[in-house]
Amino acid sequence: MDNIYGVAWNKLILARLAEGLEFADIYANEDVPFTIRLALRSSKVSIIKEPLYHYTIRPSSIMGSSWTRWALNNLRMRFLCLGYLPREDTFIRGVALKKLYTRIFASKVDLMNTGYERECKEVGKDIIGKTWKEFIHHPGISFSFKAFMLLVRLNPWIPCLVSKAAGHKNHER
């Protein structure tokens, strides 16, 4: 059971469980937030090893498109998914926050010199601005990981948050 993905195409779903759920309005991976909400409604999941579906990626498909658009979309998708996870499930939220912050850094690196740096910075700062308090105070995320991500990896995006927390006027570098 090594390959359990959040996509919808490899699942048989009871129609009543999906009632009222819609796919996210994002560029790609719009089925992942759908699948998370679906899983939160489910009391039972069965997994079979036999492949019953043949998945093909065409060169012209969204999944075969520009890495830069995919990287930005992946940040938005992970942030959406975090919003669907129950706050009381601290373990899962901790894992999701760690993956989100790791992806923010990876996107920053992936998008260097691509023309998407500014958009990546805006999306990253927006997500950090909305999640950093939970990230900093989360008991399931080690201090060393927090310090590494915030002080080393994401440093250029942090000053605005620190001054905001201290009650100072927001200054851009």
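Helices, of at least four residues, and strands, of at least two, are DSSP runs numbered from the N terminus. In this predicted model, the elements of the chain run α-α-α-α-α-α-α from the N terminus on, which amounts to seven helices and zero strands.

Of the 173 residues in the chain, 34% count as buried. Among contacts in the chain with a separation of 6 or more, 67% are accounted for by residues 24 or more positions apart.

The mean pLDDT of the chain is 78, with 80% of its residues reaching 70 or more. The elements with the lowest and highest mean pLDDT are tabulated below.

| Element | Residues | Mean pLDDT |
|---|---|---|
| Helix H7 (lowest) | 159–165 | 47 |
| Helix H1 (highest) | 15–18 | 90 |

Over residues 159–173 the pLDDT is below 50, and this stretch has 15 contacts in the model beyond near neighbours in sequence.

The axes of helix H4 (residues 90–110) and helix H5 (residues 117–137) come within 11 Å and cross at roughly 155°. Because angles over 145 degrees count as roughly antiparallel, H4 is roughly antiparallel to H5. The crossing in which H4 passes H5 is left-handed. On the H4 side, the contact is made by Arg93, Leu97, Leu100, Tyr101, Ile104, Ser107 and Lys108. H5 contributes Cys120, Gly124, Ile127, Ile128, Thr131, Trp132, Glu134 and Phe135. By class, the contact of H4 with H5 comprises nine nonpolar, three polar and three charged residues.

Definitions and conventions
Residues numbered from 1 in each chain as written. Predicted model: local features only at pLDDT ≥ 70, side-chain atom pairs only at ≥ 80, totals over all residues. Heavy atoms only, no water. Axes fitted to C-alpha atoms, helices over the stretch in contact; angles between N-to-C directions. Parallel < 35°, antiparallel > 145°, perpendicular 65-115°, else oblique. Left-handed = near helix turned anticlockwise from the far one by under 90°. Contact = heavy atoms within 4.5 Å. Nonpolar A, V, L, I, M, F, W, Y, C, P; charged D, E, K, R; others polar. pLDDT = per-residue confidence, 0-100. Buried < 20%, exposed > 50% of the residue type's maximum accessible area, 1.4 Å probe, protein only.
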